[in-house]
Amino acid sequence: MSEELEGKHGVQSLEVGMGILKAMVFGKRSMMLKDIAAAADMPPSKAHRYLVSLIRSGLVEQDPLTSRYNLGPFALNIGLVAIDRLDRIRLGLTAISELRDAVNETTALAVWGDNGPVIVRWERPRRPITVNVVTGTTLGLLSSAVGRVFGAWLPPAQTKAILRRELDARKNLPPGVETPEDAEALLADVRNQGVAAISGNYMFRGVEAVAAPVFNFKNELTMSIVLVGVEGSIDMSAESPVIARLKDAAHSLSQRLGSTREAPGPR
């Protein structure tokens, strides 16, 4: 078959292999060769040849004790990456909407951008006085609750340049933070608490915010959920039910994204 014709009609052997994988997915359990062949509608000898190649690629694995076949580690990784790339934002939007309904405060979702954390969506509460959050806003690492979450849980190599730039600029720095050592102490406290809370010295007067980390299937920081309110409207105490709700929402979202981490910080 010519390359042009093959390009138009696809690669038949690949489609056959995908048929075997689909049979195993819909089987919802480890399967014997004869069951896979029957589900894929092909002779067992043919199914076996394809299974050998699928095992070599990591898409399938065979239990040496039972001879049963199951999806392999690479197939699992494909699924987890698909969840992270396709559902991350959609699930995050649902999470901040549900949290907004539960606590009646402005909620927002932030991801890491080229120059720091960026707000990608926010939800307005049902109250006469609210705090608006601008979608697309890039936030500081030290001057915002969201920024402190990313600074606390991202690898230092990823945030070092931005952190150094903020310290050199000496703009909107938290009280008592002047050196990299001061900044690390602040971020270590965020990791210890499990959230970053700012009130009274936020970058905007009269506004307070609390942010929590969201982790993916690799147990890496992938997003942050933040509550934003008029100063004095959010209970900032250690026993705050609002902050507990925020932590629960972030941890539940992390679990939906495949994370196996325990909820960070004291509860």
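Predicted model: local features only at pLDDT ≥ 70, side-chain atom pairs only at ≥ 80, totals over all residues.
**View 1. The crossing of helices α6 and α8.** Helix α6, which spans residues 145-153, and helix α8, which spans residues 180-193, have axes that come within 9 Å and cross at roughly 90 degrees. Because angles of 65 to 115 degrees count as roughly perpendicular, α6 is described as roughly perpendicular to α8. On the α6 side the contact is formed by R148, G151, A152 and W153, which meet L186, L187, V190 and R191 of α8.

View 2. Leaving aside residues up to four places away in sequence, T159 touches W112, L141, F150, G151 and L154.

**View 3. The open five-stranded sheet.** The five strands of this open sheet follow the order β4-β3-β7-β6-β5, and their pairing is antiparallel. Strands β4 (116-123) and β5 (196-198) stand at the edges with a single partner strand each, so one side of each is left without a neighbour in the sheet. On average, and with direction ignored, neighbouring strands of this sheet are turned by 25 degrees against each other. Within the sheet, strand β6 (residues 207-215) pairs with strand β7 (residues 221-230) in the antiparallel sense over nine bridges. The bridge partner of F215 in β7 is L221.

How values were computed. Residues numbered from 1 in each chain as written. Heavy atoms only, no water. Axes fitted to C-alpha atoms, helices over the stretch in contact; angles between N-to-C directions. Helix = DSSP H or I, 4+ residues; strand = E, 2+ residues; numbered from the N terminus. Parallel < 35°, antiparallel > 145°, perpendicular 65-115°, else oblique. Contact = heavy atoms within 4.5 Å. Pairing = 2+ DSSP bridges.
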